[in-house]
Amino acid sequence: DVTSPLLEEPTDTEDTLNINQNKYFSFYVDDLNKAQGAIDPEGPYTNEAKYAIRDTIDQAVLAEYANAHVNNILYPAAALAYTNVRDDIAALFTKLTVSKVPREGRFLIVSPRVEEAINSYLASKNTGFTDVANSNGYKGRFCGFDIYVSHNVPHTTNTAGTSGSAGSKHVDHCLAGHRSA
């Protein structure tokens, strides 16, 4: 029976997108210079501008890391090393699963130091996949996450949530989420 009241009509909600920032790039190449040049004069400028805009967006998104709710933070038991990086990322995967985050579409943004630990972990394994990771540097799926590397991932010196002797320790933060967020 598909008659009312069993039919559920979706409610329409409205979201407002407030655009309060903008970035652009601009340069001029004379047609004569373009015609006489052996190389494309726009290419290097365009590539540099694309990188700068991507980096600006990356910085803005990762600046929101400081606003993470305390219940959404996971502290590993030990300092980062290739021997424990897989376990730390697997624990993060479990935390998202317990929080009912869909499995498909999960991502993890890591620092270059964490990327190095992942590559070292994979280098200790004897598989065909290891050869690809070692020759290209790993950026792909690992422990159920699409891995992205950013030099804008926050780094702090902190003792909270770490084990071992007292004193400050370098902390490599990672940002995990789902693309629907």
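Student: What share of the 181 residues of the protein chain counts as buried?
Tutor: Of those 181 residues, 21% are buried. Buried means a relative accessible area under 20%, exposed means over 50%, and partly exposed is in between, with a 1.4 Å probe and protein chains only. This is a predicted model, in which local features need pLDDT of at least 70 and side-chain atom pairs count only at pLDDT 80 or more, while totals for chains, interfaces and linings use all residues. Residues are numbered from 1 along each chain as its sequence is written, and side-chain values use heavy atoms, with hydrogens and water left out.

Student: How many helices and strands does the chain have?
Tutor: The protein chain has five helices and six strands. Both are DSSP runs numbered from the N terminus: helices are H or I runs of at least four residues, and strands are E runs of at least two.

Student: And what pattern do they follow along the sequence?
Tutor: The order is α-α-α-β-α-α-β-β-β-β-β.

Student: New topic: how many salt bridges turn up in the whole structure?
Tutor: A search finds three. In a salt bridge, a side-chain nitrogen of Lys or Arg is within 4 Å of a carboxyl oxygen of Asp or Glu.

Student: Why would such side chains pair at all?
Tutor: Side chains of opposite charge can pair when their charged atoms come close.

Student: Which residue pairs with aspartate 172?
Tutor: Aspartate 172 forms a salt bridge with arginine 113, and the closest N and O atoms are 2.7 Å apart. Aspartate 172 belongs to strand S5 (residues 169-172) and arginine 113 to helix H4 (residues 112-123), so this pair ties together parts that are 59 residues apart in sequence.

Student: Is aspartate 172 buried or exposed?
Tutor: Aspartate 172 is buried, at 15% relative accessible area, whereas arginine 113 is partly exposed, at 42%.

Student: Which side chain does arginine 141 meet?
Tutor: Arginine 141 meets aspartate 146 in a salt bridge, at 2.9 Å from N to O. Arginine 141 is partly exposed at 40% relative accessible area, and aspartate 146 is partly exposed at 24%.

Student: Switching to backbone angles: what is phi of lysine 100?
Tutor: Phi of lysine 100 is near 65°, a positive value in a residue other than glycine. Lysine 100 sits in the loop between helix H3 (85-98) and S1. This lysine 100 is exposed, with 77% relative accessible area.

Student: What about cysteine 143, what is its phi?
Tutor: Cysteine 143 has a positive phi of about 55°, although it is not a glycine. Its place is the loop between strand S2 (141-142) and S3, and cysteine 143 is partly exposed, at 24% relative accessible area.

Student: How much space lies in the second largest pocket?
Tutor: The second largest pocket holds about 400 Å³. On a 1 Å grid over the protein atoms alone, a pocket is an open set of points where a 1.4 Å probe fits, with protein on both sides within 12 Å along at least five of seven lines, and lining residues have an atom within 4 Å of a point. The volume is the space filled by probe spheres set on the points.

Student: Which residues lie nearest the centre of that pocket?
Tutor: Of 17 lining residues, Asp58, Ile109, Tyr148, Val149 and Ser150 lie nearest the centre of the second largest pocket.

Student: Which elements supply the lining of the second largest pocket?
Tutor: Helix H2 (42-63), strand S1 (106-110) and strand S3 (145-149) each supply at least two residues. H2 gives the largest share of this lining, five residues.
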